[in-house]
Amino acid sequence: MAHRLRLPSTLLFLAALLLAACAPAGSGSPTATTLPSASLAPSAPAHSVYPLTLTDDAGREVTIPAAPSRIVSLAPSNTEIVCALDACDALVGVTDFDAYPEEVANVADVVIGGSVDVEKVVAAQPELILAAGNELIPTAVIDQLTNLGFPVLSLYPNSLDDIYADIELVGAAIDAIGVADGLVASMKARADAVATAVSGAARPRTFYEVGVFEGTIYTAGEDSFIASLISIAGGDPITGDPASTAIQLEDLIAADPELILLGDAAYDPSITAATVAARPGWGEMTAVQDGSIVVVLDDVVITRPGPRIVDGLEALAEAIHPDLFP
Amino acid sequence: MTAPVGTESLAAMEQVAFAYPMPDGGRREVLRSVDLTLARGELVALVGTNGSGKTTLLRLLTGLLKPDAGEVRFDGRPLSDWRRLDVARRVAVLPQHLELPVGFRVAELVEMGRAPHARRLFASTEADARAVASALADAGALDLADRPADELSGGERQRLLVAMALAQEPDLLLLDEPTLHLDLAHQVALLAAIRRLRDQRGLTVLAVLHDLNLAAAFAPRVAVLDEGRVVADGSPAEVLSTDLVRRVFGVHVDEARTADGRRHLALREV
Amino acid sequence: MRAAATAPTTAQSIRIGPSLTRATVVLGGGAILLLTAMVVAVAIGSVGVGIGDTVAVLGHRLLGLPLARTEVPGAESIIFDVRLPRVLTAMLVGGGLAVAGTVFQALLRNPMADPYIIGTAAGASLGAIAGLMAPLLLPALAIGVGSSWLGLGLVQLLAFTGGLGTVLLVYAVSRANGRVPVVTLLLTGYAVSSVLAAGVALLMFFSGQHLGAIFGWLMGSLAGAKWIHLAFAAPLLIISATLLVVRWRGLNLLLLGDGPAANLGIDVEREKLVLTILATLATSTVVAISGTIGFVGLVVPHVLRLSIGPDHRLLLPASVLYGATLLALADLGARLAGGIPVGILTALIGAPFFVWLLRRSRMVRPVVTP
């Protein structure tokens, strides 16, 4: 990831600006400064310099000719990032699945039913396109859009640090570095707070249910993002196959979760602690016997790798350690 | 008026042997040693038991099959030296079975017989049109020209096949059991037409027939195929005797005389 | 012999082959229809670009006429970079599939034959999927879907060679005693296709995040149409289609059977090989750039046969024209229906239409021997 600005140096630089603003009146030329800390500040630019070349999560080098004032987002997480960076007005194309924040309801849909309508993207005349990597937006479509002359940044974060880096990346792309830095800083602070709060507590074996379809149980895959979130939130995640994210019932029983979090309850009211406990074979699990089955309604923010991920982290922490987060 | 029978041979088979390869790797011998010569303008009937190799013999004459031993010659040259296309311009076959593809009219199928002579890429020439018309007329099938080919009766189909063969303007016409599935009237009519065509166009004709009396009435020369060899070859009077019939076909017949003195083979009561 | 009352009895009145008028109507009409379909398909899409803009853009890019600002923003790019290559690809693919289907139906004497039947689809699919999964299968090569050789991606190259190679394999396996019986060809094609399909399924199981792209390729789609693909595919398709169109006589004769065709001068085995190679070349090219679009190669020849007759002299060129028209319009429908794979649309619309047409006309009859 490019452009990872270090927090301490940024704070120093901001402090330097603050002090410069408080310089006594009549001190002469604007360049005069008596602040020793100013000279210690590294030369990290507060503004992006165009044309700007960035490397996206797919490893592509993308050149943005000028500060984009028209942005198309091909995934809800990207939309949220743009809006969190105060650039919601610049959005000219989003997906039909976008619902947050509310302003984006008025923006034209260029991704319908999961498939990108290239003509609509072209008609929106974007100056920057934010795509989702790992074939969530097919590589062929990204190629097509690139060949049509648009700068396309493909984002695919797999951890909290990746999300921070992606926010910085988009911030650099749209000349909102300062806002990005602030957002990342506040997200980190909250995440650190959660980690600190649970640092001493016992880590229950936690099973996060993403869904059960036709008898196959889907959960957090091994080494996946959700698994890392559960870890930070103070749980010991039970994980499934890294590729398919499925877990066999017998493996789940063998892993014996102490806590079951029902992420799919957010979408299906028929999934409750009672119905889950009644499932054949599940009665053997400690979590079922102890009644530690929690309905989690914040699945969207837990699984969407965007600025609200820390909301998800906090929701997870509350579910895993309700006593620490009243 | 019959055309004079020439002495030069048009097609000749010398000690031809042929065996079909079997799926298990073996071979099924069909022809052991066949000697047969067809002079220009001759009209010859080929008779024999089922499985004696009559159809195989025809296939060897057209070059569809290559002999395992012996040689087949056409117009003096070994058949293996001939190009497929050149053979098709000289030799036509009236097959026992022909798949008639759906949707073609009779005239269009007859035109397929012009394929060996085709000159132009897409269009048909004047000569083609004339040949088709002439073939239809000679085969007595002019009235069928616009009919869909797959709606014809047995007799009409035969006339179509004759027209298709004639459209090739061949020198040698090979007929494989042309009278199968035809009633008596049509059998006679067809063979009479073939005789007439031989006279008019100077064709050489070899017809595989299963009815011995019909063969005798139709052709001045009869060849008998048995167990992969030609066991008799000559005029019907010489060849078709009670003796031969009993030997080859295993059936007893009596020789009878017709009112005008011709010989006739009569079956004893079955 | 019975003489029909309306029988033609003179040589002059005998019609052989299609008349010039008929050929003009069928082929000329087809060409006009194709041109119209092309214009309509380029003018219409999910973004409304008016006729005025369409004509202006085409005039500017093709004839060099100056272009003022278009009413719809991005119209020039939409028309010329997105729609035009896609419509042209649809035409080439439709024409190629239709002519290949016509040839295979005659060659194999099987009305259910389609261009993929002797292994092209299975082989091309295996190649394409291997290409789509190259980052997974051979990460050391660092070849991704984005990398290309002369503009052709790994997927296109592997699909093309997979399709062509499979058919050559099937052909070689079917040969016995220097002959390739049609039934053997069909059965071997089916067997080899089944084995390769199992390979495809196996790859799909391990495909992970590539499953969506694989599924899209298998359904067949024109969404990825590119000018560079057209540059390679168009000459291949035009050449193979032309070479097939001129071989109409051989195809007509092959309908009579191998024996009768040989007696009429056709080198049957050579003709079968040439026809198979040309038709497979066309099919593999098509599959390489658009995936396995089904139904066009099966239905278009049948519909045309029922309408204009089985004579390949007209049937082959007609199949090119009407197949191209069909797919251009089907792709337009697919685009308007939300970008669904075009193969779904051709099946949904084509199948019922085909059934209706069959009920109206004579059924295809089984072979009747005398």
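**A tour of the interface of chains A and C**

Begin by selecting chain A and chain C, where 15 residues of chain A are in contact with 19 residues of chain C, contact meaning heavy atoms within 4.5 Å. This is a predicted model, in which local features need pLDDT of at least 70 and side-chain atom pairs count only at pLDDT 80 or more, while totals for chains, interfaces and linings use all residues. Residues are numbered from 1 along each chain as its sequence is written, chains are lettered from A in the order in which they are written, and side-chain values use heavy atoms, with hydrogens and water left out.

With both chains shown as surfaces, the area buried between chain A and chain C is about 1,400 Å², of which carbon and sulfur atoms give 55%; buried area is the accessible area (1.4 Å probe) that two parts lose on being put together, summed over both.

Next, select C:Arg83 and A:Glu119, which form a salt bridge whose closest N and O atoms are 2.8 Å apart. The rule, which asks for a side-chain nitrogen of Lys or Arg within 4 Å of a carboxyl oxygen of Asp or Glu, finds 2 salt bridges across this interface.

Now turn to chain A and select helix 4 (118–124) and helix 5 (139–147), each of which supplies at least two residues of the side that touches chain C, helices being DSSP runs (H or I, at least four residues) numbered from the N terminus. Helix 4 of chain A gives the most to that side, with 5 residues.

Finally, bring chain B into view: chain A and chain B do not touch, and their nearest C-alpha atoms are 43 Å apart, whereas chains B and C have the most contacts among the 2 pairs of chains that touch.
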